[in-house]
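Please keep the sequence and the 3D view at hand while reading.

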Amino acid sequence: METESAEAGSGSPGARRACDQCRLRKIRCDKDSPCSNCRSAKRSCSSTGAGQKPKEPRQRVLISSQYERKIDQIEERLGGIETLLRNLSPISASTASTTEVFTRRPIDKLTPLSANSRDDESSTVFDPEDAGDFEGNSSLAAHTAFASEFLEHAVQGTPLQEQGSSPKIDTALSSLRHIVNMQESRRVVSSFHEFRIPGQKQPPKTSLRDLPLPPMELVAEKLREMKHGPVPMMLAVLYCFIDVERFTDQCRRLYFSIDDVTDGTFILVNTGLAYLFFEALLGAKSPDEKARYDAYYSMCQKNLDIVLAQLNLLMPATLENIEALLMAASFSIDVSRPSLAWLLTSRAAHMCRTLGLHQVHSMKDDSPQKKAEKSLLFWCAYMLDKGLSLRLGRASILQDFDISLPHIAPEAKAAYPGTEVMTLWTKHAQIQGRIYERLYSPGALRQSDSYRVEQVGILASELKRLMAQSMELYGEFEASQTGEGHMFAIMLKSDEVSYVSSLALTYRAMPSAGSRSRTFSDECIDAARAAMLCHQEAMEMMDDQSLKIVYIHWTILYAPFIPFIVIFCLVIETSSAEDLARLAEFVQSLDAASGLSSSISKLHQLCQVLYNVAQLYIEAKAQQPVDQDMVPVGNEFNMYLTQLGFMPVDESMANFEVSGEGGGGVDDQAKSMAQTSQLGDWFSGNNSMLGLLEEDLSGINPSG
């Protein structure tokens, strides 16, 4: 090494290398001419350099570059670990702080329909392959971070801070920070627990025969009550697929089976029993009775989680398996897990196509009863597919051009107007699929404004015709005194809320042309306000807990309830006290039912946070002096809420209008592109916000 360094350092052209003879004999050469070894051996001493290795400096450069690459890799890995720790530490801190504050809900606080019954193992293990699941084009997490930072700085130097610390400000900041942490963690571990089932990480496969079941005597008692008494509203989902006799037979097969039962039967029975015991839990009087039903409900839900976790991807396409997957998807919607419902519905939809249920000629040799059964299963899969497509912002599996089955529901098991209502639901699902396909899909957002305006007119007309048919039926049962008639009246009123909400979402895609808002058309504003009013009317009709649960789960949560976001944006833009009161009424209506299920409680928390932010915005804007040299607080709010996708960039719109007075078509095109981009951000941002309902929101304190 010393010799090499000396050689490298000398750099003189006359520096002699080891002679060829010493190099061949692999002995040390003193590099004289002739060297001492050659003089002793009386050989000629020559140094031609033949067969020598490349110069050492080149080798050292090569080694240096390799080390640099390794160092870069180490830095990248350390950066990834640092990012993980940064994202996990706020969640751990919030969890540690909330553990001391929040205790387990008492049994009389009815929250069994929860999506958080996950094993500790499956909720903490991170699988890198699960990272990076598709969540659309929304950058809501970063935009919410901007809003959180702005709220901290906007209050400084304003009368709000001079008056002292505001609990409302602290609550809004804390809630927004928690939402930022949750969104960041979703991007790191993605939807690992969104698509994972509790127990899925358990290595050994559990035998279904080893799983516990509720007592047979209690199950038989509840089945007799369901058979001879009025059908509870929560169990209406059962009648979309099977009748009481068939469900009883499946329970008998499970409890008295000698051979191993199929996965489909196990899913059907445990899902149905979970609904049965939840309904019994709602009507239980004593704490002991509530605890008993809650334990059996949790048992059935745990069984369902286990069987879904180890479900065979290549399970055969049978009617029973389709029925089981759809039942499990419906239950997943009730426990606020739409991503899992999407997976189950997608598999059921593929099975429907495998069996040809979407083609009318595949049933030509079936009996009328068999045709009705197949048609009912297909249209249930179709409705879930289209509704979840709009809810999650993903393309549906079942396409209308591939369906030859008439869009008329078969004879339902329920009395009149069961078949008519089912047909209306099918038509509404078809319109929901078209709303996403023609207005909010990536392909639709590439179309011109004129195309979307044309499609808005077509879809709005279809929705209005559908709503007219529904309200005609509602008029027949509005004053009904019977229990079944009152149930249909509530069902049809709930459908009206869903139809008007879809109408608001349809009109949202139309550019604003009125004077009331820079973001929303007048038609969209009117539809949103009508939906909020209709929601209040529907809630006033419901004097039963199960009715409220079914209504909120399947009308507000199942499809995106756009009117609340529209009114929220309108409050931010116009500071309207009337619209703020509408938000307050909606939050209060959810508060009355938030103790019935975890899904409703989460929705109430998110809506309460948005209401608090809107109220804080109006308060800050009203107290900010207008003649101050700094930019008004209201304008800064506008800027950050624009990043959230909730408001347009007003300054750029104004520039387009001014420069467009000369007839420049380029400015009109740029304005259209800006509106289209903002529309896509608004839609995906709303879906991303609703995606938080699948997370643990215990760290968010909605009070203020």
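## Basis of the model

The model is predicted: local features need pLDDT of at least 70 and side-chain atom pairs count only at pLDDT 80 or more, while totals for chains, interfaces and linings use all residues. Residues are numbered from 1 along each chain as its sequence is written, and side-chain values use heavy atoms, with hydrogens and water left out.

## Backbone features in loops

A cis peptide bond joins Ser33 to Pro34, with omega near -5°. Pro34 belongs to the loop between helix H2 (20-25) and helix H3 (36-41). Helices here are DSSP runs of H or I with at least four residues, numbered from the N terminus.

Lys42 is located in the loop between H3 and helix H4 (56-101), whereas Ser336 sits in the loop between helix H15 (319-334) and helix H16 (338-354). Relative accessible area is computed with a 1.4 Å probe on protein chains only; buried means under 20%, exposed over 50%, and partly exposed in between. Lys42 counts as exposed because its relative accessibility is 78%. Ser336, with a relative accessible area of 6%, is therefore buried.

## Helix H24

Helix H24 covers residues 562-574, and its 13 residues should span 18 Å at 1.5 Å a residue. The expected span is 1.5 Å times one less than the number of residues. The end C-alpha atoms of H24 are 18 Å apart, which agrees with that expectation.

H24 is mostly covered, as twelve of its 13 residues are buried. Among them are Ile562, Pro563, Phe564, Leu570 and Glu573. Just after the helix, Ser575 takes a positive phi of about 55°.

Leu492 is part of helix H21 (residues 483-508). Its relative accessibility is 0%, so Leu492 counts as buried.

Contact means heavy atoms within 4.5 Å. When neighbours within four places in sequence are left aside, Leu492 is in contact with Val421, Ser470, Leu473, Tyr474 and Phe477. Leu424 is 68 residues from Leu492 in sequence, and their C-alpha atoms are 10.0 Å apart in space.

## Salt bridges

The structure holds 18 salt bridges, each defined by a side-chain nitrogen of Lys or Arg within 4 Å of a carboxyl oxygen of Asp or Glu. One of them pairs Glu320 with Arg253 at 3.3 Å, N to O. This pair links distant parts of the chain, 67 residues apart: Glu320 is in helix H15 and Arg253 in helix H12 (residues 244-255). Glu320 is buried because its relative accessibility is 17%, while Arg253 is partly exposed at 39%. Lys374 and Asp366 form a salt bridge at 2.8 Å, N to O; Lys374 is buried at 15%, and Asp366 counts as partly exposed at 22%.

The side chains of Arg518 and Glu573 also meet in a salt bridge, at 3.8 Å, N to O. Here too the pair links distant parts of the chain, 55 residues apart, with Arg518 in the loop between H21 and helix H22 (522-541) and Glu573 in helix H24. Arg518 is partly exposed, with a relative accessible area of 36%, whereas Glu573 is buried at 12%. Salt bridges that share partners join Arg246, Glu323, Lys370 and Glu373 into one network.

Terms used:
Helix = DSSP H or I, 4+ residues; strand = E, 2+ residues; numbered from the N terminus.
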